[in-house]
Amino acid sequence: MARQEIATLILAAGKGTRLRSRRAKVLHRAGGRTLVEHVMRAAQPLGAPIFVVVGHQAEDVAALVRPFGAETILQEPQQGTGHALQAARKSLAPFRRAIVIPGDAPLLRTETLAALAQTHRASQAAATVLTAVLENPTGYGRIVRRADGGVGAIVEEKSAAEAERAIREVNSGVYCFELEKLWDLLAELRPENAHRELYLTDVVALLDRRGERIAAQQADAAEIPGCNTRRELADVDRLFRRRKVEELMASGVTISLPETVLVDAEVEIGPDSALDPGTQLLGATRVGSDVQIGAGCVIADSAIEDGAVIRPYCVISQSRVGRGAVVGPFAHLRDGAELAAGARVGNYVEMKKSRLGEGAKAMHLTYLGDATIGRETNVGAGTITCNYDGVRKNPTTIGERTFIGSGTELIAPVEIGDDAYVAAGSTITQSVPADALAIARARQETKPGWARGRRARLEAERAAGAKPAAPKAKGAGARRGPKRKKPSRRAR
Ligand code: UD1
Ligand code: CA
C-alpha cells in the first residue's frame with residue numbers, strides 16, 4: 001500500500017491534574033471556546049487527516065472534534081504523552097509522517113504548524129521540534145542543544161539538573177515525526193520519572209543516541225502556552241479577549257475601556273456599533289451596525305439588529321431585538337423574546353417566549369411570558385401575564401394598537417382584540433373583543449370627611465385623658481377611629 005504523506009495527531013486524553021478540575025483539561029475554555037476546539041481550528045486548514053487521542057471524558061471530547069472530520073483514538077488508561085503515541089500507532093500506520101500537537105495549546109496558529117511541516121520536510125531530520133524562548137520557562141520541557149546546534153534531548157522540568165533549568169528554550173509539545181523511526185523507540189520508553197509516565201519527550205534523546213538528527217524550529221513565545229493551571233488559563237483567556245476586541249475595533253466598532261469588555265470568539269458586530277464598559281457578548285451573538293450597548297449588559301446567543309439601543313444592565317439571552325428597538329435599562333429578555341422593529345422595553349421588564357410587535361411598548365415593571373403583542377400596542381406599567389397555572393404555561397395574545405392599563409393582570413390563556421382598552425388595575429380572566437373596553441376591578445368608594453372626623457375623635461379622647469377601653473368581648477375592641485364599615489364588594 002502506498003504511504004500517505006502526513007497526518008495530524010492531537011493529544012487530548014489527559015486529565016489535567018494541575019487544574020484541580022473534574023473536567024478534562026481540553027474541555028476548559030479560553031476566549032469562549034474549549035481548548036481542543038482552538039487546536040482543531042488551527043489544525044484543520046493543514047488539510048491532513050486528523051486523529052485525536054481521547055481518554056479522560058472521551059465522549060465529550062470526541063463530540064467536539066468530530067465536526068472537524070477528526071477520527072478519535074481511545075487511550076485507556078492515560079499513561080503519558082509517549083503512551084498516547086503508542087495508542088495511535090495503528091491508526092497512523094498508513095502515514096509517513098505526523099504532526100503531533102498537544103490539545104491544550106490553543107494559541108497555535110495554522111501558519112506556524114505549516115511552517116514546521118515545511119522545515120521538517122526540508123531538513124530531512126527524523127524529528128523536528130517546535131520550540132520557543134521564554135522569559136520564564138518554568139513548567140516546560142527544556143531543549144538541550146548539542147554542540148553542533150542540533151537538539152540532543154528534551155528534559156522535563158522535574159528531571160532537570162540546575163544547569164538545564166536555566167535553559168530558556170522550551171518544548172512547545174508540537175513535533176513532526178518520521179513515523180518509521182518513531183515506533184520501535186516508543187517501545188523503549190520507561191516510566192522512570194516523577195509522574196511514572198511514558199514521556200514522548202524522551203524519544204528525542206533516544207533518536208539522538210541512534211545517530212538520528214533532530215531539528216528545531218523556533219516559534220513566537222506568544223503561541224506556545226499550554227494551559228496547565230487556572231492561572232495560565234486566565235492568561236490565555238485574556239489574550240484571546242484582547243485579540244477579539246482589537247479585531248472589532250479595527251473593523252469599526254467603538255469600545256470604551258476595551259479591557260473591561262468580554263466578547264466570545266464567534267460574536268459578530270457591525271460597524272459604528274458601540275460597546276460601553278463591562279459589557280459581555282457571548283456565544284453566537286450577532287450585533288448589527290449602529291447599535292449601542294450600554295454598560296454592564298450581558299448578551300448571549302442573541303441577535304441585536306441595526307440601530308437598536310440596549311441601555312445599561314440588561315441581560316439578554318436567546319432573543320432578538322429588531323431594528324431601532326430600545327431595551328432597558330435593567331431589562332431581562334430570554335428564551336425567544338423578540339422585539340420587532342422600533343419596539344421598546346423599559347426598566348424592570350422581563351420577557352420570555354414573547355413577541356412585541358412593531359412600535360409596541362412595555363416601558364415599566366412588567367412580565368410578559370408566552371405572550372404575543374401586536375404592533376403599536378402599549379403595555380402599561382406593572383402589567384403581568386399570569387402565564388403559569390401551576391401545571392401548564394398558557395398563551396396571552398394581544399392585538400394591534402391596544403391599550404393595556406397599568407397594573408393589569410392577564411390570566412392566560414386570554415386574548416385581547418385589536419384597538420381594545422383594558423382599564424388600569426384590571427384582572428382579566430376572559431377574552432376582550434376588538435374595540436371594547438374591559439374593566440375588571442373593585443369599584444371605588446369615597447367617604448367625604450372621614451379623615452377629618454377621625455382627627456376630631458382622637459383629639460377629644462386625648463383631651464379627656466381617656467385611656468382606650470379594654471376589649472370587652474371577642475372582636476369588639478375599642479375604636480379609635482371612625483366606625484368601620486365592611487368594604488363594599490361591588491366589583492365589576
Ligand atoms: C508537555 C511536554 C513538555 C512541553 C509541554 C508543552 C511531555 C512529557 N512534556 O508537558 O516538554 O514543554 O507539553 O506544553 O510530553 N495527554 C494525552 N495522554 C496522556 C497524557 C497527556 O493525550 O496520557 C495529552 C494531554 O491531554 C495534553 C497533552 O497530551 O493535551 C500534553 O500533556 P500535558 O500533561 O499537558 O503535558 P505537559 O506537562 O504540559
Ligand atoms: Ca500542557
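Reply: P413 lies in the loop between β35 (409-411) and β36. Here helices (H or I, at least four residues) and strands (E, at least two) are DSSP runs, numbered from the N terminus. The model is predicted, so local features need pLDDT of at least 70 and side-chain atom pairs count only at pLDDT 80 or more, while totals for chains, interfaces and linings use all residues. Residues are numbered from 1 along each chain as its sequence is written, chains are lettered from A and ligands numbered from 1 in the order in which they are written, and side-chain values use heavy atoms, with hydrogens and water left out.

The peptide bond between A412 and P413 is cis, with omega about 0 degrees. A cis bond is also present from G328 to P329, where omega is near 5 degrees. P329 sits in the loop between β24 (326-327) and β25 (332-334).

Two strands pair if DSSP finds at least two bridges between them.

I304 has V321 in β23 as its bridge partner. I304 can also be set against a residue elsewhere in the chain: its C-alpha atom is 57 Å from that of A163, and 141 residues separate the two along the chain. A163 is part of helix α6 (residues 162-165). With a relative accessible area of 63%, A163 is exposed; the cut-offs are under 20% for buried, over 50% for exposed, and partly exposed in between (1.4 Å probe, protein chains only).

D370 is in the loop between β29 (361-369) and β30 (371-373). Its phi is near 55 degrees, a positive value in a residue other than glycine. D370 is buried, at 16% relative accessible area. E376 is in the loop between β30 and β31 (378-379). Phi of E376 is positive too, near 60 degrees, and this residue is likewise not a glycine. E376 is partly exposed, with a relative accessible area of 46%.

Strand β1 (residues 4-12) has 7 of its 9 residues buried, so it is largely enclosed by the rest of the structure. It runs parallel to β6, to which 7 bridges join it, and L9 stands opposite V100 in β6. β1 also runs parallel to β4 (residues 50-54), with 5 bridges; there L11 has V53 as its bridge partner. Helix α1 (residues 35-43) is mostly covered, with 8 of its 9 residues buried. Among them are L35, V36, E37 and H38.

What coordinates the calcium ion (ligand 2)? D104 (OD) and N228 (OD1) do, at 2.2 to 2.6 Å. Donors are N, O and S atoms within 2.8 Å of the metal (3.2 Å for Na, K and Ca), and water is not among the atoms, so sites may look incomplete. The pair links distant parts of the chain, 124 residues apart: D104 is in the loop between β6 (95-102) and α5 (110-123), and N228 is in the loop between β11 (214-218) and α9 (230-250). D104 counts as buried at 12% relative accessibility, and N228 is buried at 14% relative accessible area.

The axes of α7 (residues 179-186) and α8 (residues 202-209) come within 10 Å and cross at roughly 105 degrees. Axes are lines fitted to C-alpha atoms, for helices over the stretch in contact, and angles run from 0 to 180 degrees between N-to-C directions. α7 and α8 are therefore roughly perpendicular; angles under 35 degrees count as roughly parallel, over 145 as roughly antiparallel, 65 to 115 as roughly perpendicular and the rest as oblique. K181, L182, L185 and L186 in α7 meet V203, L206 and L207 in α8, where contact means heavy atoms within 4.5 Å.
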